[in-house]
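Hi,

Here is the structure I promised to pass on.

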Amino acid sequence: MNHLFARSLMRRAVAGANCRCYVATAQVEGLSAVLVGWRRMMSSAAEPTSSPPSSLKNSESPEEKAEKGGVVVSSYWGISRPKITREDGTEWPWNCFMEATEPWETYAADLSIDLHKHHVPRTFIDKVAFRTVKLLRIPTDMFFKRRYGCRAMMLETVAAVPGMVGGMLLHLRSLRKFQQSGGWIKALLEEAENERMHLMTMVELVKPKWYERLLVLTVQGVFFNGFFIIYLMSPKMAHRVVGYLEEEAIHSYTEYLKDIESGAIENVAAPAIAIDYWRLPKNATLKDVISVIRADEAHHRDVNHFASDIHHQGKELREAPAPLGYH
């Protein structure tokens, strides 16, 4: 009797287990069917329809519409701006400084600045700096004479060095001493960038020959190392030298403008890089370009004489706020 009861209980247990197994299997199979159906639905939704509406066929992205309208769309900012073309009709690929691109970093030269200022050398260092610049001008006058385009190219490859050297040394000092620079690092690096853009503009205008490029490389190499040593020894003298160099640059660009106005140099259309950088009108000419470059040089003259005066008073540059935003 007990044996029959035990066998009955065992059969019921096995049947219950099989039933639960069947239920679980059915649940798994049902879930799998749901997943398969969901996947089919998503794949069918992702496939394009065989006959899209006409409105979708003719739709264009904002970038395509802008391109057809002669407007370049920045891939980063997504802001449209007009195209700029070179004289030969090819497109200028960069619009780095136009107001519509980065409104908070626009640039414009101040043509109202006094071009006739001159720092009269009084101290021994001032006189050494003044005489050094005058001596450097002699071989320049002999080589370039009245070829002011080539002269400007040589001048700018030299003028773009001091700001970078000064900014670099102040940057390293700030890191070593954990001190603020009073904005002078930014001011000097902005000067270097501005002078570099002068050079890029003059290269577009002049198309230097191979021996002029070689001369530029030689002069830059010599001047960089010489100015680096001078700045380490006496920042006061280094900035005074730059101030007088900028005075000579103003004189050279004034003579350049005289030749343009007299017709000795053709007043050609402004290169695209100048229109981009100074935000000049599209019909700007060489005269407009030289005018804004000369104004920039006048600003650099004042900034470097000011920096030298700070050192002359026995102070560090960081003790007097840098003239940022002076353009």
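Helices here are DSSP runs of H or I with at least four residues, numbered from the N terminus.

Before I go on, a word on the source: this is a predicted model, where local features need pLDDT of at least 70, side-chain atom pairs count only at pLDDT 80 or more, and totals for chains, interfaces and linings use all residues. Residues are numbered from 1 along each chain as its sequence is written, and side-chain values use heavy atoms, with hydrogens and water left out.

Now the rings. Rings of Phe, Tyr and Trp (its six-membered ring) pair if their centres lie within 6.5 Å; planes under 30 degrees apart count as stacked, over 60 as edge-to-face and the rest as tilted. That rule gives seven aromatic pairs. One of them is F227 with Y231, a tilted pair at 6.1 Å centre to centre and 50° between the planes. Y277 and W278 are edge-to-face, because their ring centres are 4.8 Å apart and their planes stand at 85°. Y277 counts as buried at 4% relative accessibility, and W278 counts as buried at 4% as well. Ring pairs also link F223, F227 and Y231 into a cluster.

Next, helix α8 (residues 235-262), which is where you'll find D259. Is D259 buried or exposed? At 10% relative accessibility, D259 counts as buried. Leaving out residues up to four places away in sequence, D259 touches R146, Y148, A264 and I265 (contact means heavy atoms within 4.5 Å).

Finally, how do α4 and α8 meet? The axes of helix α4 (residues 124-144) and α8 come within 9 Å and cross at roughly 40°. Axes are lines fitted to C-alpha atoms, for helices over the stretch in contact, and angles run from 0 to 180 degrees between N-to-C directions. α4 and α8 are therefore oblique to each other (under 35 degrees is roughly parallel, over 145 roughly antiparallel, 65 to 115 roughly perpendicular and the rest oblique). Among the residues of α4 that meet α8 are F130 and R137, and on the α8 side they include Y244 and H251.

Cheers

Note on methods
Buried < 20%, exposed > 50% of the residue type's maximum accessible area, 1.4 Å probe, protein only. Helix = DSSP H or I, 4+ residues; strand = E, 2+ residues; numbered from the N terminus.
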